[in-house]
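Work through the exercises below with the model open. Each task is followed by a solution in steps.

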Amino acid sequence: MPPSHPLPDILVSGRPSRSDYRVLTPRTPHSRAGRAEEGFTEVELQAFQDDEANEYRSQSQQQSQPLLSPNSRAPGYRSRGDDHELRRKDRLLEPKGLLNKLPLLGGSLLALFLLVLVGVAITRPGSLEAAFLQAPGEFYESAEPYVPENDYTVRPYTPLAQPTPSILETRPPPELLISYENYSSFPLTGDQYRHECAKLMGGFMHHGEYWDEPHMGSPDVVHHDDVTNYHMPEGQLTKVCSSTITYLLDGHVGLMADLALMAQAAAFAKERNRTFLVDDTHWNRGKWTDHFQAVRALDPGPEPGCRAPPPEELVACPRTARHWVISSRTAKYHMGHPFSEEYEDPYGHQMHRLRPIFERARESFQEVIRPNARTASLIRAARKELADLLSLPSYPVDEPSVEATGEDGLPVRTAKEDPTVKQQLYIAVHIRKGDRVPDGYVFYKDKQIPLEKYVEGAKETWERLYVPANASSGSVSGDAEERPNVSSGRPDHYPAAPIIWLASDSPAAAREFVASFPPATAVFSLEHNTNTELRALAPVHEYVQAEFEQEPLEERIRLTRGMIVDFAMLSGMWAWPGETVPAAVVCGVGSNVCRMAALGFDFDRAFGFDDDGDYSMGEVNPERRRWVDVDVDGRITPAWQAFEFH
């Protein structure tokens with residue numbers, strides 16, 4: 001039935017007074033299931049202590065729109081606090097709202113920054129210390145900080161940080177990859193490189209041209225090229241050389257045996273337009289620069305200023321590898337029969353076949369293998385003393401120009417600048433004992449060259465080169481009249497002939513040799529030198545390669561320096577124009593010192609081809625030769641070899 005009085009409009013426009021308040025529950029989304037028409041009385045709400053009812057009663061804000069009004073922002077269920085949510089979203093963009101949120105935003109940004117720093121510290125250790133703990137001046141690009149005028153305070157120089165290297169890896173195909181995974185120390189020793197060559201070559205002879213690469217490509221190691229632009233100052237090393245040939249001094253052989261092979265390696269580098277390097281990591285004679293000039297200073301190669309490759313990228317076999325290394329232990333794989341086929345003169349006979357190899361070695365000694373300043377001063381002192389004792393001028397007759405001298409102050413001599421006969425005032429004799437077995441050992445009972453052969457060789461050579469034809473027999477060199485004989489001409493008056501520079505590793509053999517001549521004979525040597533520094537270089541016992549390593553390092557360096565001085569006096573190598581040089585050398589070809597001494601006399605003069613005779617068959621001319629072998633003495637051909645294998 002209809003109500004007894006009309007219902008008022010249901011509006012929630014504010015909080016009504018307590019007296020006017022009526023609890024009505026219309027059918028709205030706030031209605032509860034089954035209770036929409038009943039509603040709750042105030043007594044019931046208090047009696048049941050319903051939480052929801054208490055919330056309902058404590059509502060401080062009511063709708064300001066009529067229920068079910070078409071102005072509602074969205075249909076559906078409307079929960080408590082919707083109007084607060086709308087007001088909050090509108091206030092976020094207000095200035096007051098932004099100010100209230102600044103602490104929260106600042107803390108969030110700080111936390112994000114710290115998180116980034118933690119990530120950098122984990123991924124790049126040490127970078128934060130380098131960035132934040134450096135002095136302020138180190139952040140400037142200029143390497144020279146501002147210095148006030150008239151400020152002479154000494155300040156340490158701090159170089160700029162280098163760029164991070166950028167590495168480019170070059171990896172051969174698996175079938176061509178040479179692996180050094182079983183080695184941990186580089187460069188390898190000579191024996192280790194020899195083992196790698198044996199594995200690769202397999203004991204078989206490889207046919208084809210000397211420098212031919214296999215059709216499938218050349219085996220090689222993995223290369224890591226640093227392509228970073230470091231902006232280095234002019235003259236400093238930059239990128240790694242693109243192609244190199246390195247000679248490894250491993251201490252397995254004697255000094256001159258190494259130099260003989262190195263001379264050919266340097267010629268390889270020049271021929272193939274590759275940078276030549278020397279590695280002395282395993283050398284038992286000190287550093288290369290303790291005795292000789294740095295090869296890069298004399299021959300910078302096609303890429304001046306490039307850096308040597310990492311030692312783990314050196315490859316001994318094949319020779320077509322990008323960074324080829326050669327030593328006395330691996331030379332037999334590269335300088336045997338294929339080398340002879342490539343570099344000997346195919347149209348020459350006997351000694352003429354070896355002329356190209358001889359000239360390659362001679363050129364290397366003149367341009368790449370040169371003594372350093374200290375060793376050069378000792379060589380000049382030895383030549384000066386010989387000239388002083390013979391009453392000759394103390395200084396060179398013809399001073400070389402500045403352009404003709406090297407870093408050591410010695411001239412870079414060409415074939416046209418060979419010493420004249422007027423400078424050839426003595427003959428040189430080298431006696432090798434110790435552990436050396438002569439090449440002609442089959443001709444000697446005790447496998448040693450008799451000392452008498454050295455004595456006879458010295459006398460015969462002096463008479464042949466210095467005694468005029470009308471003073472004795474007719475078998476005399478054609479230039480004997482031009483060559484000055486500064487001897488006294490009397491066996492009892494100093495200097496009696498022959499005038500000799502004697503070099504030997506055996507003090508006993510040297511004394512026996514000197515005793516074979518009259519007391520007035522002028523025999524010079526390191527042992528009998530008046531210069532104390534030169535006399536200190538003389539050997540005290542015979543040379544044995546296997547025992548050399550047991551000597552103290554300083555002793556090994558001393559003996560090596562003495563051998564270089566002796567070699568210069570035996571061969572005339574590295575002489576200034578006008579300095580005293582030997583007219584000939586008497587030695588045994590079984591010694592590498594003897595073989596290399598021939599280089600100082602030029603090919604034609606060394607083997608007697610320097611006149612108008614017909615020497616097309618290449619046989620050594622005994623009447624004019626300056627290189628006199630008393631070992632084989634022509635019984636084995638060819639009479640001379642450029643190097644030997646070990």
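The exercises concern a predicted model and cover a helix pair and some backbone exceptions.

**Exercise 1.** Describe how helix α12 and helix α13 pack.

Solution. Two packed helices are described by the angle between their axes and the distance between those axes. For α12 (residues 451-466) and α13 (residues 507-515), the angle is about 45° and the axes lie 10 Å apart. An angle of 65 to 115 degrees would count as roughly perpendicular and one under 35 degrees as roughly parallel; α12 and α13 are therefore oblique to each other. The crossing of α12 past α13 is right-handed.

**Exercise 2.** Identify which residues of α12 and α13 meet, and sort the contact by class.

Solution. From α12 come Leu451, Tyr454, Val455 and Ala458; from α13 come Ala509, Glu512 and Phe513. By class, the contact of α12 with α13 has 6 nonpolar, no polar and 1 charged residues.

**Exercise 3.** Asparagine 273 has a positive phi, as does tryptophan 574. Is each buried or exposed?

Solution. Asparagine 273, with phi of about 60°, lies in the loop between α7 (255-272) and β4 (275-279). Its relative accessible area is 54%, so asparagine 273 is exposed. Tryptophan 574, with phi near 65°, lies in the loop between α16 (553-571) and β9 (581-587). Its relative accessible area is 4%, so tryptophan 574 is buried.

Technical notes. Residues are numbered from 1 along each chain as its sequence is written. This is a predicted model: local features need pLDDT of at least 70, side-chain atom pairs count only at pLDDT 80 or more; totals for chains, interfaces and linings use all residues. Side-chain values use heavy atoms; hydrogens and water are left out. Axes are lines fitted to C-alpha atoms, for helices over the stretch in contact, and angles run from 0 to 180 degrees between N-to-C directions. Helices (H or I, at least four residues) and strands (E, at least two) are DSSP runs, numbered from the N terminus. Angles under 35 degrees count as roughly parallel, over 145 as roughly antiparallel, 65 to 115 as roughly perpendicular and the rest as oblique. A crossing is left-handed if the near helix is turned anticlockwise from the far one by less than a right angle, and right-handed if clockwise. Contact means heavy atoms within 4.5 Å. Ala, Val, Leu, Ile, Met, Phe, Trp, Tyr, Cys and Pro count as nonpolar, Asp, Glu, Lys and Arg as charged, and the others, Gly among them, as polar. Buried means under 20% relative accessible area, exposed over 50%, partly exposed in between (1.4 Å probe, protein chains only).
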